Amino acid sequence: MERALITGVAGFIGSHLAAGLLRQGWSVTGLDSRSPASDPVAAENLAAVGGDPRFHFVAADVTGGDLAIFCEGVQAVFHLAALAGVRRSWGDRFGDYLSCNVLGTQRLLEACAATDVPRLVFASSSSAYGPGTGKPSREDDPPLPLSPYGVSKLAAERLCLAYASQRGAATSVVALRYFTVYGPRQRPDMAFSRLMRAALSGRAMSLYGTGAQRRDFTYVSDAVAATIAAATADVRAEVVNVASGRSVPLSDARRAIARLAGTDIPAQRRVAQPGDVEATTADLAKASELLGYQPAVELEEGLRGQWEWLAAKDDQAAVALTEATA
Ligand SMILES: NC(=O)c1ccc[n+]([C@@H]2O[C@H](COP(=O)([O-])OP(=O)(O)OC[C@H]3O[C@@H](n4cnc5c(N)ncnc54)[C@H](O)[C@@H]3O)[C@@H](O)[C@H]2O)c1
């Protein structure tokens, strides 16, 4: 049986990745600084995998302590632990971003090297690109991150490539640039989560920018498929986009969510936040070639998946879903 270590397992993508690896027959050690024993979000995220005897959770922080003990005998390390989100990365919190996203990654790379882990898959971000060129972003475009968060992800990505490019390095690396991932258990600070909560509560949400900003939204099962494929891809040190390949205005997504909710979504317009880019869109040729990746979930279907998850725990969302289906 193949063994994996996932850092950030109690988070949105990490919890889906754990479930995906278990489905494919892996055993999984999941590491996170948030423990399901004390954190309700972590508990909810890990509910589906917690009872599986091949899943083992460890409460640990990538910024301190011995990480090598978790890497022993592991075929792939999936490094997702990070402080995510652009807006909070400005100001005083940057030190935390630096420590978690950059130093934490370097510590894990050392641990992988010390224990001869064959493959590290790193969760990088489309934020590394910055404003883009107007054309779908390619992995060899010059990275120009516009936010401290993007800078931290790019720095960590470069560390991964530097370690993997050393002569005789045991650990090869795939750094995946995820483009705005969504689906069940999406982080509460992300736009679709906030839009859905506003639709249910009737309380106006802050909508940054004009709504015309475009994003290449990636459904979480597509992100997981690419991530698992990256564990065994025949490469040494590569950066690869993971996206849907289709860029959609946020205002269109808002309308689609309003249709699911059967109500308008109250919103207060606010100025665009520093670090938010106008548009993201990915070129997926390299993902297709190296990972055999093809996105499978269209936006309408994916939004429905996220709303169905909400409906399972919220009566009002369930009623709206029934009416939208009738
Ligand atoms: N969600 C997206 O759209 C998106 C886009 C691009 C990149 N990413 C990257 O993908 C990864 C997962 O994102 P997510 O949306 O699931 O975020 P998330 O916040 O839901 O998950 C991150 C997890 O990492 C854990 N963590 C944070 N600091 C830690 C530390 N020092 N030690 C151990 N665990 C720690 C958190 O507790 C959390 O459970 C992140 O690296 C993020 O930067 C996400």
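User: A nonpolar core is a set of buried Ala, Val, Leu, Ile, Met, Phe, Trp, Tyr and Cys residues joined through C-beta atoms within 7 Å. In this predicted model, which residues of the largest nonpolar core touch the most other members?

Analyst: The chain has 326 residues, and buried residues make up 48% of them. The largest nonpolar core holds 97 residues. Within this core, the residues that touch the most other members are Ile6, Val77, Leu176, Val242 and Ile257.

User: With which residues is Val242 in contact, leaving aside its neighbours within four places in sequence?

Analyst: Val242 is one of the core residues that touch the most other members, and Leu176 is another of them. Once the neighbours within four places in sequence are left aside, the contacts of Val242 are with Leu176, Arg177, Tyr178, Phe179, Thr218, Ala223, Ala226, Ala287 and Tyr293.

User: How many of the residues of helix H7 are buried?

Analyst: Helix H7 spans residues 220-230 and is mostly covered. Its buried residues include Ala223 and Ala226, both of which are in contact with Val242.

User: Why is S5 described as largely enclosed by the rest of the structure?

Analyst: A residue is buried if 20 or more other C-beta atoms lie within 10 Å of its own. Arg119, Val121, Ala123 and Ser125 point one way from S5, while Leu120, Phe122 and Ser124 point the other way, and all are buried. S5 is therefore largely enclosed by the rest of the structure, since the number of its residues that are buried is 7 of the 7.

User: Which residue in S5 is the bridge partner of His79?

Analyst: Strand S4, residues 76-79, pairs with S5 in the parallel sense over 4 bridges. Val77 and His79 point one way from S4 and Ala76 and Phe78 the other way, and all are buried. Val77 stands opposite Leu120 in S5, while the bridge partner of His79 in S5 is Phe122.

User: Which residue in S4 does Ala4 stand opposite?

Analyst: S4 also pairs with strand S1, which covers residues 3-7, and this pairing is likewise in the parallel sense over 4 bridges. In S4, the residue opposite Ala4 is Ala76.

User: Is Glu2 buried, partly exposed or exposed?

Analyst: Glu2 lies in the segment before S1, and it touches Trp26 and Gln75, not counting residues up to four places away in sequence. A residue counts as buried at 20 or more other C-beta atoms within 10 Å and as exposed at 12 or fewer. Glu2 has 14 such atoms within 10 Å, so its class is partly exposed.

User: Which element gives the most to the shell around the ligand?

Analyst: The ligand is surrounded by 26 residues, and the closest are Gly8, Gly11, Phe12, Ala81 and Ala82. The elements that give two or more residues to this shell are helix H1 (12-23), helix H4 (94-114) and strand S5 (119-125). By class, the shell has 13 nonpolar, 9 polar and 4 charged residues. With 3 residues, the element that gives the most is H1.

User: What radius of gyration does the chain have?

Analyst: The chain has 11 helices and 13 strands, and its C-alpha atoms fill a box of roughly 60 × 45 × 40 Å along the principal axes. Of the contacts with a separation of 6 or more, 81% are accounted for by residues 24 or more positions apart. With 326 residues, a compact globule would have a radius of gyration near 20 Å, which agrees with the value for the chain, 19 Å.

Terms used. Residues are numbered from 1 along each chain as its sequence is written. This is a predicted model: local features need pLDDT of at least 70, side-chain atom pairs count only at pLDDT 80 or more; totals for chains, interfaces and linings use all residues. A residue is near a molecule or strand if its C-beta atom, placed from the backbone, lies within 6 Å of it. Ala, Val, Leu, Ile, Met, Phe, Trp, Tyr, Cys and Pro count as nonpolar, Asp, Glu, Lys and Arg as charged, and the others, Gly among them, as polar. The radius of gyration is taken over C-alpha atoms; the globule rule is 2.2 Å times the number of residues to the power 0.38. Two residues are in contact if their C-beta atoms, placed from the backbone, lie within 7 Å. Two strands pair if DSSP finds at least two bridges between them.
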